[in-house]
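Reader: I would like to learn how to read a model of this kind, feature by feature. Could you take me through it, giving the general idea before each case?

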Amino acid sequence: MNITFEGKRILVTGAGQGIGRETALRLSKFGGTVIALSKTKANLDSLVKEDPKIQTVCADLQDWNKARAAVKSVLPIDLLVNNAGIAILDPFLTLKPEDFDQVFNVNLKSIINVSQVVAENMIQRKVAGSIVNLSSVAGLVAVKDHAIYCSAKAALDMLTKVMALELGPHNIRVNTVNPTLVMTAMGKANWSDPAKAATLREKIPLDRFAEPQEVVDSICFLLSDKSAMTTGVGITVDGGYTSIGKEVALRLSKYKAKVVALSNNKENLVKLSKEQPEIKTVCVDLLDWKATRAAVESVLPIDLLVNNAGVSVNEHCLEATPEIFDLTFGTNVKAMLNVSQVVAKNMIERKVSGSIVNLSSQACRAALLDHVIYCASKGAVDMLTKTMALELGPHNIRVNSVRPTVVMTELGKRVWGDRERADDLKRKIPLGRFAEPHEVVDAIVFLLSEHSSMTTGAGLPVDGGYLAVFEGKRILVTGTGQGIGREMALRLSKFGGTVIALSKTKENLDILTKQDSKIQTLCVNLRDWDATRKAIKSVLPIDLLVNNAGVACLRPFLQATQDDFDLTFDVNVKQILNVSQIVAENMIQRKVAGSIVNISSQASQTALKDHAVYCASKGALDMLTKTMALELGSHNIRVNTVNPTVVMTEMGKLGWSEPKKAQEMLSRIPLGRFAEVDEVIDAVVFLLSDKSSMTTGASIPVEGGFIAT
């Protein structure tokens, strides 16, 4: 591939050493006029000796005003590589506020600053441009002792998406490169210990780290015209009284919990106390690190924590200011880190299990116009959640986030009162409406409860389905002969549903009806498309469907056969399409709401050795589920998956009884154990119930944090 940057002025930050240095040299070699930025003059001097054509600018990117002046002095810029970054690698519980500030200032705030200056100039000149932000694999998966770094890189990934969304109309493309560990001089020094390196390499299928030139190759591609179609791939602080925070406090108090409500607004706390005198209140400004620590320490011990406080200042990416950044990240991320440290340390000292729920948003994954800093902060919250789950899991402390869409609080109604604006967003929501506060509270309560005991590191709304009642509902469950399906049928029948249990093995169905004579049965081989359609039609109508039937043919990729593929995809994907079509078509004809739950696996989101065909089938099922949710949402039919780890069914116990084999998997699960059948069923029951009425297209992980690692 012939790439040239003749006539292009290219700014590369962090160019003194490592990837930045190699990028500057390569871009100069390809004909670009390179401006190398670093805070270390000696490094820039040595770079110029290596290539005299490279121009240099010495500036500390942590100084907002000086950095702006420095970048303006070298305009115009046609291509920008935001490479500068730092890493402070410490356990979550030992992180300090200055660690947070330093990492986010360099890894995120400086990128906003530099990119604003460059992009504004591109727009003024009406020229196309390309910006590449150096992120990391740590923006996608949690890494132990990388809480702040992971959060910053996740924030950068979301910042990139919003920049791409807002700058795209100006023909400015914005992308990230997310490398694993790179063998720069620093990388070699930090990972020279073979044992330490092996722990990371074993998660990399190619069994090696990246070389600098491999990262530079990706950067060059994204800067070049070869990637011309590639891009992006009000203030309220209400932690104690208003909206969701208030509803959570009241609900938990109603459930006999001893609630401590924290807010920076004393007037709101007084109102809350009048409404529910049993609630204890604490007034503190969460932006004050030390005062907050003292306040939280004064109310210890805490068993359950809901980090709900948040702020949103909505500005276009080119108008965002350092003050908005500091306020948003100080409230939405830094305060969460601070409060969680105090609470988690105390849980560990007391040797008690606990649950922490962080309020995130749909904005953590989907770029929204004029939400650049808010989206970035919620991306950071989600990655902070995953890293906390990874590090606190061994102490039996679960950490999850809830990601609502717009919620119809009083504030939500005011902000989204413009019908045209609201309809634009609702069109992107399959169910065609915004969330109600109680739906978010339901999810929080579930994640705090023991009914989510195997869920950690998740960013999905899940709730206490164990409270659901299915009286008057006809429920079809496939694969009910044994294991999860069998227990599912029994539980749903116990909760009042009329259960139709489907299996290809009549003997197993006979045993099931002896256990519960109310359960109806249906015997059919799901691989037979026509026979299955006929059988399902014979038991219509169906109100709720659980597609549980599945198979696993486990072989190395190179040994997988056509028969393995056909069997696995027939059962794990094709028959789900078949059964769901019949059930959904009937729901639509009857104009009734419905819920479909597909049993997927952690293998849909992370590769497992000797599981090539199985992983592929479950990945296909997850995407089929999302598409079903998209297309059926307008008919008020919700479709979700549950994605468990190894489950301790009889088959699970047999298959994982060998200690060495089991330990290899357990070592990657922060909670340090496999799932119990009841934990999977709890998630399914929730998704079938009205408690998840705003949840569709979601995948609930019941895997102890495995996917987060």
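Author: Helices (H or I, at least four residues) and strands (E, at least two) are DSSP runs, numbered from the N terminus. This is a predicted model, in which local features need pLDDT of at least 70 and side-chain atom pairs count only at pLDDT 80 or more, while totals for chains, interfaces and linings use all residues. Residues are numbered from 1 along each chain as its sequence is written, and side-chain values use heavy atoms, with hydrogens and water left out.

Reader: Which other helix lies across β9, β10 and β11?

Author: Helix α16 (residues 437-448) does, running at about 165 degrees to β11.

Reader: What is the strand order of the open sheet of 3 strands?

Author: Two strands pair if DSSP finds at least two bridges between them. The order is β9-β10-β11, with parallel pairing, and the edge strands, each pairing on one side only, are β9 (304-307) and β11 (397-402). Neighbouring strands of this sheet are turned by 15 degrees against each other on average, direction ignored. Strand β10 (residues 354-359) is joined to β11 by 6 bridges, and L359 has V402 in β11 as its bridge partner.

Reader: How many aromatic pairs are there, and how are F325 and F329 arranged?

Author: Rings of Phe, Tyr and Trp (its six-membered ring) pair if their centres lie within 6.5 Å, and planes under 30 degrees apart count as stacked, over 60 as edge-to-face and the rest as tilted. By this rule there are 3 aromatic pairs. F325 and F329 form a stacked pair, at 4.6 Å centre to centre with 20 degrees between the planes. Both lie in helix α12 (residues 322-350), 4 residues apart, about one turn of the helix, and ring pairs link F104, F325 and F329 into a cluster.

Reader: Is F325 buried or exposed?

Author: Buried means under 20% relative accessible area, exposed over 50%, and partly exposed in between (1.4 Å probe, protein chains only). F325 counts as buried because its relative accessibility is 3%, and F329, with a relative accessible area of 1%, is buried.

Notes. Axes fitted to C-alpha atoms, helices over the stretch in contact; angles between N-to-C directions. Contact = heavy atoms within 4.5 Å.
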